[in-house]
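This briefing is meant for a reader who is meeting the structure for the first time. Please look over the sequence and the model before reading on.

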Amino acid sequence: MTNPLAIFIGMALINNFVLVKFLGLCPFFGVSKKLSNALSMGLAVTFVMFAASAVIWPIHNYILVNLNAEYLSTVVYILVIATLVQIMELVIMRTNYALYSAFGIYLALITTNCAVLGVTLVNTSEGFNFIESLVSALGAGTGFALVLVIMSGIRERLDNARLPKSMKGLPVAFLVAALLGLAFSGFSGMV
Amino acid sequence: MANWIKEFVKGLVLSNPIFVMALGLCPALAVTNSLDNAIGMSGAVIFVLLCSNVLVSLLRTWVANIVRIPTFIVIIATFVTIISLTFEAYVPALYQSLGIYLPLIVVNCIILGRAEAFASRNRISLAVADALGMGIGFMLATCIISSIRETLGSGELALFGNTLFSIPVLNEHPISLFLLPAGAFLVIGLLLAFFRRVGLIKND
């Protein structure tokens, strides 16, 4: 078994989902305008990633592999994620309304977030066992939340900067992401 | 006929999925490290977009409104499975280099977005035009990004193994930053700013 810490750091920093693997870019640019929203979104994504990995690992290894139906994995994964997100939204709404109002609206957006499907696909292709899958989901989610929070902090400041008109908004956000990506490439080779 | 052309042309420039609507950015950045990958990815996206738009448009009166999104996702996932099995069988090298980004077409916002916003409300001929326009717009954008990245990042541009051109000094000392993830953000950010400056895209 690979060292869990190595998997965690690998997923969170070295192969950061947003800056290195380009997964979950839509929320990265869409929800990173305010720090508080970014934090909620990051936590919601981490939560869904963890739950999705926990549910999909047994489904893949005990049902799909036994039936020799691994080619169906894309269809099955996305259905499981969509159902899971719906159930979680209902459960959180009924049990903890404060939590629901904190990240309820983001849950609906998460179904089509490629980072969640991405982490389950990576778990399968790396051949992780159950515990390793959970650790890698936590790592990926933490990395996503970290970058989202950093980005939103920078973008809150950028609002006050004097920029050329054509650079405002999305273009400058891409350039900031490029600099962040360069910084994160310093982590490569750490493990 | 005029409608057909209008729906086709809008995807190319005016509402280009990547540069204007900023949809489907994940593949646009991830697979644009070489022109071959960009073309392969675009081919897969065009196939899935076309098939799902056609099917969604055909089924639009049959699918209950409340289950439409899950239905669209299952339709899209089916076509993605078909194209990834096809790639695995006939172009294994491309399949390897596209990696997890091929199954990830399922959650590409362009495809679900077109199914929801266009195909589920329009007749089949318009849905085909829309899919082709958006698909070719996607291809155009990824080809521009990947040509720039490959040329600067390796000093030469190759298409299916044939070198198109090679820049003398640059091919010995390539700027490998452009092949790194950071280079993808840099190129797309500067292109976006450039297109806005010359007025091809409106400021938001």
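This is a predicted model: local features need pLDDT of at least 70, side-chain atom pairs count only at pLDDT 80 or more; totals for chains, interfaces and linings use all residues.

**Chain B as a whole**

- The secondary structure of chain B consists of eight helices and two strands, and along the sequence these elements follow the pattern α-α-α-α-α-α-α-β-β-α.
- The radius of gyration of chain B is 18 Å, close to the 17 Å that the globule rule gives for 204 residues, and chain B is therefore as compact as a globular protein of that length.
- Taken along the principal axes, the box that the C-alpha atoms of chain B fill is roughly 60 × 45 × 30 Å.
- Of the 204 residues in chain B, 47% count as buried.
- Among the contacts in chain B with a separation of 6 or more, 75% are between residues 24 or more positions apart.

**Leu191 of chain B**

- Leu191(B) is part of helix α8 of chain B, which covers residues 181-197.
- Although Leu191(B) and Phe19(B) are 172 residues apart in sequence, their C-alpha atoms are 8.5 Å apart in space.
- Leaving aside residues up to four places away in sequence, Leu191(B) touches Ile144(B) and Ile145(B).

**Helices α3 and α4 of chain A**

- Helix α3 (residues 35-64) and helix α4 (residues 73-95) of chain A have axes that come within 10 Å and cross at roughly 140°, which means that α3(A) is oblique to α4(A).
- The crossing of α3(A) and α4(A) is right-handed.
- The residues that α3(A) brings to this meeting with α4(A) are Val48(A), Ala51(A), Ala52(A), Val55(A), Ile56(A), Ile59(A), His60(A) and Leu64(A), and those on the side of α4(A) are Ser73(A), Val76(A), Tyr77(A), Val80(A), Ile81(A), Leu84(A), Val85(A) and Met88(A).
- By class, the contact of α3(A) with α4(A) has 14 nonpolar residues and two polar residues, with no charged residues.

**Helices α7 and α8 of chain A**

- Helix α7 (residues 130-158) of chain A packs with α8(A) at an angle of about 130°, and their axes are 11 Å apart; α7(A) and α8(A) are therefore oblique to each other.
- Where α7(A) passes α8(A), the crossing is right-handed.
- From α7(A), the residues Val147(A), Ile150(A), Met151(A), Ile154(A), Arg155(A) and Leu158(A) meet Val172(A), Ala173(A), Val176(A) and Leu180(A) of α8(A).
- The residues in the contact of α7(A) with α8(A) divide into nine nonpolar and one charged, with no polar residues.

**Where chain A touches chain B**

- The contact between the chains takes 35 residues from chain A and 33 residues from chain B.
- On the side of chain A that touches chain B, the elements giving two or more residues are α2 (25-30), α4, α6 (114-126) and α8 (170-184) of chain A.
- Of these elements, α8(A) provides the largest share of the side of chain A that touches chain B, namely eight residues.
- By class, the side of chain A that touches chain B has 24 nonpolar, nine polar and two charged residues.

Notes. Residues are numbered from 1 along each chain as its sequence is written. Chains are lettered from A and ligands numbered from 1 in the order in which they are written. Axes are lines fitted to C-alpha atoms, for helices over the stretch in contact, and angles run from 0 to 180 degrees between N-to-C directions. Helices (H or I, at least four residues) and strands (E, at least two) are DSSP runs, numbered from the N terminus. Angles under 35 degrees count as roughly parallel, over 145 as roughly antiparallel, 65 to 115 as roughly perpendicular and the rest as oblique. A crossing is left-handed if the near helix is turned anticlockwise from the far one by less than a right angle, and right-handed if clockwise. Two residues are in contact if their C-beta atoms, placed from the backbone, lie within 7 Å. Ala, Val, Leu, Ile, Met, Phe, Trp, Tyr, Cys and Pro count as nonpolar, Asp, Glu, Lys and Arg as charged, and the others, Gly among them, as polar. The radius of gyration is taken over C-alpha atoms; the globule rule is 2.2 Å times the number of residues to the power 0.38. A residue is buried if 20 or more other C-beta atoms lie within 10 Å of its own, exposed if 12 or fewer, and partly exposed in between; C-beta atoms are placed from the backbone.
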